[in-house]
Amino acid sequence: MTLGPQRQLFDIPPGVAYLNCAYMAPQLRSVTEAGLSAVQRKSSPWTVPPSAFFDESERLRSTFASVAGVDADAIALVPSVSYGIGTAVANVDIAAGQTVVVLAEQFPSNVYPWRAAAAASGAEVLTVARPADGDWTAAVATAVDERTAVVAVPQCHWTDGSIVDLVAVGAAAREVGAALVVDATQSFGAVPFDVAAVQPDFLVTAGYKWLLGPYSLGYLYVAPHRRDGVPLEHNWITRAGSEDFAALVDYRDEPAPGARRYDVGERSNFVLVPMALAALEQILAWGVPSIAATLADVTAAIASGAADLGHRSASAAQRGPHLLGLRHPDGVPAGLAARLAEQQIYVSIRGDSIRVSPHLYNTSDDVSRLLSALA
């Protein structure tokens, strides 16, 4: 099912064609209102009961779990993708001579930690070259062998939306005993993700792009067999019984249940949590499949119009419904993004492609303006 125009839910001026959600999502009006109310409440801390340290973050955890289709015990609240990947690195085994498989030009947050881990253990980061036929899935599967310790990949490539079939890749990883670690930042919330079918060991996503939330708050999914590992930090709130403030001096080694042991300290951020919650509630109201279906129509129109101007992009079967990269034989004109911005048309340049990433706030007029400007 596709959705009708949703621009009225965002504070976007009529003259702005913002086709850059993969960079940073504009805030829903409801998210802004939640943030303003939260800032005001923080000025009166006597109105913030001790239970707020737990109730609001647990509600956020449960709401994200609903979006992901998993139980709340599977989710840790983290400040960034690098924090989530760091948690994964600390809890998977990598030995000398083994490999960590990544994509060429993959986003750095899911590369740098593995490079450090490989250097420390004598392993190798194996980079899969961009396939000429656009089939990342086959290319990754070919790279996975008996030496593979970890497959660390996204659901779609951040530069152009080209997809990786994580069900197939996950099966290939499990066949050789490798862990699957997914950075889903550029797809989660806009593309359906079947956790049960993919079976990632760890999956992390930032909240400020396709989940429409604030910066510095993200989510980490942890598979059941990974929930007894070592956290990056030892904070008070992730220990069992921490709800009893008077008993905090009775130190306990037992962690809180599930993936909560991996929560960042000060997870109960009294401004960001209400904002993130408002965003996720709207995602649930729309439904990720409906978001994806709606955005597929928008990106198809852009891809078709851009093709008439000589731009190539991945086929609908080889890219996500929400994001596409336009490549021209003559390359990206110098200063293109800035020249478009002068016309209040916003896209990103990533690698050799013009990255276009619409959301439900975009209109057919936005698409027409982009294509006219490119022409």
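Reader: Before we start, what should I know about the numbering and the model?
Author: Residues are numbered from 1 along each chain as its sequence is written. The model is predicted, so local features need pLDDT of at least 70 and side-chain atom pairs count only at pLDDT 80 or more, while totals for chains, interfaces and linings use all residues, and side-chain values use heavy atoms, with hydrogens and water left out.

Reader: Which strand holds L126?
Author: L126 lies in strand 4, residues 124–128, where strands (E, at least two residues) are DSSP runs numbered from the N terminus.

Reader: What does L126 touch, apart from its neighbours within four places in sequence?
Author: L126 is in contact with T99, V100, V101, V102 and A143, contact meaning heavy atoms within 4.5 Å.

Reader: Changing topic, in what order do the three strands of the open sheet come?
Author: The order is 9-12-11, with antiparallel pairing; two strands pair if DSSP finds at least two bridges between them.

Reader: And which strands stand at the edges?
Author: Strand 9 (324–326) and strand 11 (348–350) do, and each has a single partner strand, so one side of each is left without a neighbour in the sheet.

Reader: How many bridges join strand 11 to strand 12?
Author: Three bridges join strand 11 to strand 12, residues 353–356, and the two run antiparallel. R350 stands opposite S353 in strand 12.

Methods
Helix = DSSP H or I, 4+ residues; strand = E, 2+ residues; numbered from the N terminus.
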